[in-house]
Amino acid sequence: MDKIIIDGGQRLEGEVTISGAKNAALPIMAATLLAPGVFHLGNVPSLADVRTMGHVLRVLGAAVEHHDHSMTIDTTNARYHEAPYELVKTMRASVCVLGPTLARLGRARVSLPGGCAWGPRPVDFHIRAMKELGARVEIEHGYIVASTEGLRGTTMHFDTSSVGATENAMMAATLADGATVIENAAREPEIGALAEFLRAMGADVRGDGTGTVVVEGGHELHPADVEIIPDRIETGTFMVAIAMTGGDVLIRGAKLDHATAVAMKLRETGAQVSEEDGGLRVRGPVWPRAVNVTTAPYPGFPTDMQAQFMALMSIADGSSVITETIYADRFSHVPELKRLGAQIGLDRNIAVITGVRKLSGAKVMATDLRASAALILAGLVAEGETEVSRVYHIDRGYEAIEKKLAALGARITRLKQ
Ligand code: UD1
């Protein structure tokens, strides 16, 4: 298992280019199952999760080739309907093959994903959405087993906005008979990216980004080509890294309108965030001010940026309160940040952080993707050496993060083991 070693104290300067969004690439890859033929995807990030989704598609009969950032998916022979436990357990997002497989083949058998590093993450909304569209769904031997003679359009309402369930419902609804209205749909940019792709495939999808998505089903779908949108969480992670180190960096390819909540919070800390030709420029403050953050569905502050922002608050001037409303237990970074000298009190889903002037390097362990990112950011400003182990988590969602940070002046290396 690789380790990342950071010798802290360097200011980040220069330019960095943002990769394609993991969370947009995964459902778009799944959506190719809706129509037979050859699809070309560009700006696909080179990440472990993308490779896992490639394996899932291959198991379903598709041919997948991924070179550099281009991917070709041939779904002509995608006629198998089972996504096995061995793959789904490694990546929860595999569950987004449920909707397209069921809609195209009339049946799907997809393993339940199981728990996560930060607690249970149910898939009941996904299952309910398929039932609302007229499918029979049972849980058998740890698998979601769904079948239908033909899906029917319907009106469905999610109690909580869910990115994955909205995506599954949208994809299945494209091949259903009649119109489907998805109320309280998620509004994340990745939903818009999927909707755009489905439209390019010939589907009639409207309302993405508004909370009510309408899919007029039954149109014949065909292959399409797509460029994956830039990753707003990778963008946010670099924005925070620059703010923490008092740096000055142009983040190429970053879109401000997808990172507004993070940008606004960073400005409150004293950082400057401005749009420039080709991206976003971030200039860090001398000493960031403490600010409070509450995570919320898009366009609110993303839960996927909570851990990184806590790293920033660990060295801020004053005390801040971070409230996690999406995943109440998503705090595995807290004990590790404390090992680096952060002062954090945790009461259920509320963390109170008292900023310290200096963190001190130590050995820490990553326990999930965004927690790993937070530890790397903390290492960038800690005195001495920080060693982050179990970095396979970071490889799930950040492309070459150590190379990108090193190019900005950080002293960071990967120890291959
Ligand atoms: C997606 C993102 C993930 C991000 C999360 C929240 C992908 C591949 N992953 O995950 O990075 O952290 O959105 O922004 O896009 N819920 C249920 N039942 C369900 C589904 C969800 O109760 O069937 C709850 C969840 O526990 C959570 C909330 O709904 O509290 C939102 O989760 P959801 O938006 O579904 O997250 P994912 O799509 O899994």
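User: In this predicted model, how many bridges join S16 to strand S17?

Analyst: Strand S17 covers residues 279-283. S16 and S17 run antiparallel. The number of bridges joining them is five.

User: Which residue in S17 is the bridge partner of Glu276?

Analyst: Strand S16 spans 272-276, so Glu276 falls within the range of an edge strand. Its bridge partner in S17 is Gly279.

User: What is the order of the strands in the open sheet that holds S2 and S16?

Analyst: Four strands make up this sheet, and their pairing is mixed. Strand S2 (13-17) and strand S16 (272-276) are the edges, each pairing on one side only. From one strand to the next, the twist averages 20°. The order is S2-S15-S17-S16.

User: Helix H8 packs on the sheet; what angle does its direction make with that of S15?

Analyst: Helix H8 takes in residues 232-245. It touches S2, S16 and S17 as well as strand S15 (248-252). The angle between the directions of H8 and S15 is about 170°.

User: What is the order of the open sheet that includes S18 and S20?

Analyst: This open sheet has four strands with mixed pairing. Strand S18 (293-294) and strand S20 (343-347) are its edge strands. Each of these pairs on one side only. The order reads S18-S19-S21-S20.

User: Which helix supplies the largest share of the shell around the ligand?

Analyst: Helix H5 (124-132) and helix H6 (163-173) each give at least two residues to the shell. The largest share is three residues. That share comes from H5.

User: How many charged residues does the shell around the ligand have?

Analyst: There are 18 residues around the ligand, and among those that come nearest are Asp124 and Asp304. By class, seven shell residues are nonpolar and six are polar. The charged residues number five.

User: How far is an oxygen atom of the ligand from an N or O atom in the side chain of Tyr327?

Analyst: Ligand oxygen also lies 3.1 Å from a side-chain N or O atom of Asn23. For Arg92, the corresponding distance is 3.2 Å. For Tyr327, the distance is 2.9 Å.

User: What percentage of the ligand's accessible area does the protein cover?

Analyst: On its own, the ligand has 730 Å² of accessible area.

Technical notes: Residues are numbered from 1 along each chain as its sequence is written. This is a predicted model: local features need pLDDT of at least 70, side-chain atom pairs count only at pLDDT 80 or more; totals for chains, interfaces and linings use all residues. Side-chain values use heavy atoms; hydrogens and water are left out. Two strands pair if DSSP finds at least two bridges between them. Axes are lines fitted to C-alpha atoms, for helices over the stretch in contact, and angles run from 0 to 180 degrees between N-to-C directions. Contact means heavy atoms within 4.5 Å. A residue is near a molecule or strand if one of its heavy atoms lies within 4 Å of it. A polar contact is a pair of N or O atoms within 3.5 Å; within protein, one must be able to donate a hydrogen and the other to accept it, and residues adjacent in sequence count only if both atoms are side-chain atoms. Accessible areas come from the Shrake-Rupley method with a 1.4 Å probe; for residues, only the protein chains shown count as cover. Ala, Val, Leu, Ile, Met, Phe, Trp, Tyr, Cys and Pro count as nonpolar, Asp, Glu, Lys and Arg as charged, and the others, Gly among them, as polar.
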